[in-house]
Amino acid sequence: MTLDNYNFAGKKAIVRVDFNVPLDENGKITDDTRIRGALPTLKKILEDGGSLIIMSHMGKPKGKVNPKFSLAQIKDDVAKALGRDVKFAEDCANAGEAAANLKPGEVLLLENLRFYPEEEGKPVGIEKDDPAYEAARKDMKARQKEFAKKLASYADVYVNDAFGTAHRRHASTAVIADNFDADNKMLGYLMEKEVKAVDNILSDIKRPFTAIMGGSKVSTKIGIIENLMDKVDNLILCGGMTYTFAKAQGGKVGDSICENDKLGLALDIIKKAKEKGVNLVLGTDCIAADSFSNDAKTMVCSAMDIPDGWEGLDAGPETRKAFQDVIRTAKTILWNGPAGVFEFDNFTGGSRAIAEAIVEATNNGAFSLVGGGDSVACVNKFGLADEVSYVSTGGGALLEAIEGKVLPGVAAIKGE
Ligand code: AMP
């Protein structure tokens with residue numbers, strides 16, 4: 001079923017959204033992108049004459065009630081965004097009556113799902129090597145099923161619009177779907193858009209296809225890097241992982257971030273790229289700093305020859321130009337992870353050069369997808385988010401989808 005083909009009039013819809021918004025120390029929302037992202041789906045249901053039960057997680061309360069992560073803090077913001085009153089259920093697992101009392105057009109927001117360990121379905125307080133772990137795991141899975149059934153009992157129809165958690169088999173993102181037949185479960189508009197953006201990258205690839213992977217470490221990106229090697233023409237690796245590659249090739253990296261136990265892996269990636277005919281582009285120079293701070297003293301130096309006491313915190317001018325030359329000619333672009341410590345204003349240059357080249361390529365007809373919290377923060381910081389083809393709300397979910405993994409949140413609805 002699709003949202004557009006469904007008439008919600010007189011129906012109660014339970015919608016999983018990602019309202020895991022950042023809050024300041026006073027509990028005020030600092031960025032409401034995620035709330036705005038879910039509005040088209042929520043509004044469609046209300047405008048049809050349905051009633052709405054909204055559920056989400058916030059932060060990592062680890063299965064315990066914690067007021068710091070209470071969704072009550074955002075209730076008024078949700079009401080304002082929807083332009084109507086929002087009721088609040090303080091206990092998401094005991095909201096049957098509140099849900100039953102909803103009239104068409106009314107909205108009920110459930111308290112943080114992760115106040116219950118059943119949401120994530122992982123046993124709490126027991127390590128994997130404990131002999132009792134397997135029994136605890138099975139017990140928790142059974143409890144997760146019951147918890148999902150409870151949530152499902154509030155509604156006639158289930159909608160999943162939380163792409164950010166679609167790679168998790170949680171009660172509200174996947175298990176719940178088993179309680180609805182195919183005609184009464186569907187993806188929300190945001191999810192549909194995200195899935196389509198990934199399809200765009202993976203199916204009809206216009207070449208050259210250039211992927212830019214940055215961030216701090218190679219170890220956390222290795223799965224996607226290996227997978228991309230079968231798909232891309234150009235693979236730009238930047239950010240902190242530059243120095244693991246430099247050291248692996250005999251370079252001196254000073255105090256730069258470097259995974260000494262991944263030097264072999266770096267050489268292996270270089271070898272594989274050669275075998276597969278992938279143009280692997282690594283940083284050749286860098287902006288080195290004499291401390292990890294925005295106000296550090298800096299100098300441009302070779303990424304292979306960084307003096308002790310100095311660390312590479314951004315891509316150098318020669319590297320930026322090389323990256324830009326490759327990006328400008330691309331027809332399909334994926335960017336995940338910054339080229340430097342972009343949180344420090346003085347080390348945003350490499351990431352900015354990448355973002356600007358992506359915009360240029362997009363203006364020349366390329367399809368560009370930017371995903372993952374930090375690269376999205378980059379394009380937002382540079383005011384360029386509207387100038388790329390698609391900015392994904394998913395970090396882990398996006399990368400797993402691009403790795404070709406089936407996302408449990410999508411599979412639970414589409415039955416793949
Ligand atoms: P990740 O979470 O692995 O995607 O990495 C994102 C983080 O990588 C950001 O917080 C950046 O500050 C950091 N990063 C990027 N380049 C460097 C670098 N050269 N040295 C240290 N950290 C970096």
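**View 1. Lys122 and the positive patch to which it belongs.** In this predicted model, Lys122 sits in the loop that runs between helix H4 (117–120) and helix H5 (133–152). Together with Lys60, Lys62, Lys128, Lys141 and Arg168, Lys122 contributes to a patch of positive charge on the surface. Another member of this patch, Lys62, belongs to the loop between strand E2 (51–55) and helix H2 (75–82).

**View 2. The backbone at Lys62.** Although Lys62 is not a glycine, its phi is positive, at about 55°. The residue is found in the loop between strand E2 (51–55) and helix H2 (75–82), and with a relative accessible area of 60% it is exposed, since the cut-off for that class is a value over 50%.

View 3. The side chains of Glu118 and Arg143 form a salt bridge, with an N to O distance of 3.0 Å. Because Glu118 lies in helix H4 and Arg143 in helix H5, the pair ties together parts that are 25 residues apart in sequence. The two partners fall into separate accessibility classes: Glu118 is buried, at a relative accessible area of 11%, whereas Arg143 is partly exposed, at 36%. Side chains of opposite charge can pair when their charged atoms come close.

View 4. Glu134 and Arg137 are joined by a salt bridge in which the closest N and O atoms are 2.9 Å apart. Both residues lie in helix H5, where a spacing of 3 residues corresponds to about one turn of the helix. Glu134 counts as partly exposed at 37% relative accessibility, and Arg137 is likewise partly exposed, with a relative accessible area of 30%.

View 5. Asp178 and Arg169 meet through their side chains in a salt bridge, for which the N to O distance is 4.0 Å. Asp178 is exposed, with a relative accessible area of 53%, while Arg169 is partly exposed, with a relative accessible area of 46%. For the structure as a whole, the count comes to 21 salt bridges.

**View 6. Strand E11 and its two antiparallel neighbours.** Strand E11 (residues 285–289) is mostly covered, 5 of its 5 residues being buried. The cover extends to both faces of the strand, with Asp285, Ile287 and Ala289 buried on one side and Cys286 and Ala288 buried on the other. E11 runs antiparallel to strand E12 (residues 298–302), to which it is joined by 5 bridges, and within this pairing Ala288 has Met299 of E12 as its bridge partner. E11 also pairs with strand E14 (residues 311–315), again in the antiparallel sense, over 4 bridges, and here Ile287 stands opposite Asp314 of E14. Strand E14 has 5 of its 5 residues buried, so it is largely enclosed by the rest of the structure.

View 7. Arg207 and Pro208 are joined by a cis peptide bond, with an omega of about 5°. Pro208 is found in the loop that lies between helix H6 (189–202) and strand E7 (209–213).

**View 8. Glu226 in helix H7, with Ala182 as a distance reference.** Glu226 is found in helix H7 (residues 222–228) and is partly exposed, with a relative accessible area of 30%. Its C-alpha atom is separated by 35 Å from that of Ala182, a residue 44 residues apart from Glu226 along the chain.

Methods: Residues numbered from 1 in each chain as written. Predicted model: local features only at pLDDT ≥ 70, side-chain atom pairs only at ≥ 80, totals over all residues. Heavy atoms only, no water. Patch = residues over 30% accessible without salt bridge, like charges linked within 9 Å, V, L, I, M, F, W, Y side chains within 5 Å. Areas by Shrake-Rupley, 256 points an atom, 1.4 Å probe, with all protein chains shown as cover. Lys, Arg positive; Asp, Glu negative; His and termini not counted. Charge placed at Lys NZ, Arg CZ, Asp CG, Glu CD. Buried < 20%, exposed > 50% of the residue type's maximum accessible area, 1.4 Å probe, protein only. Pairing = 2+ DSSP bridges.
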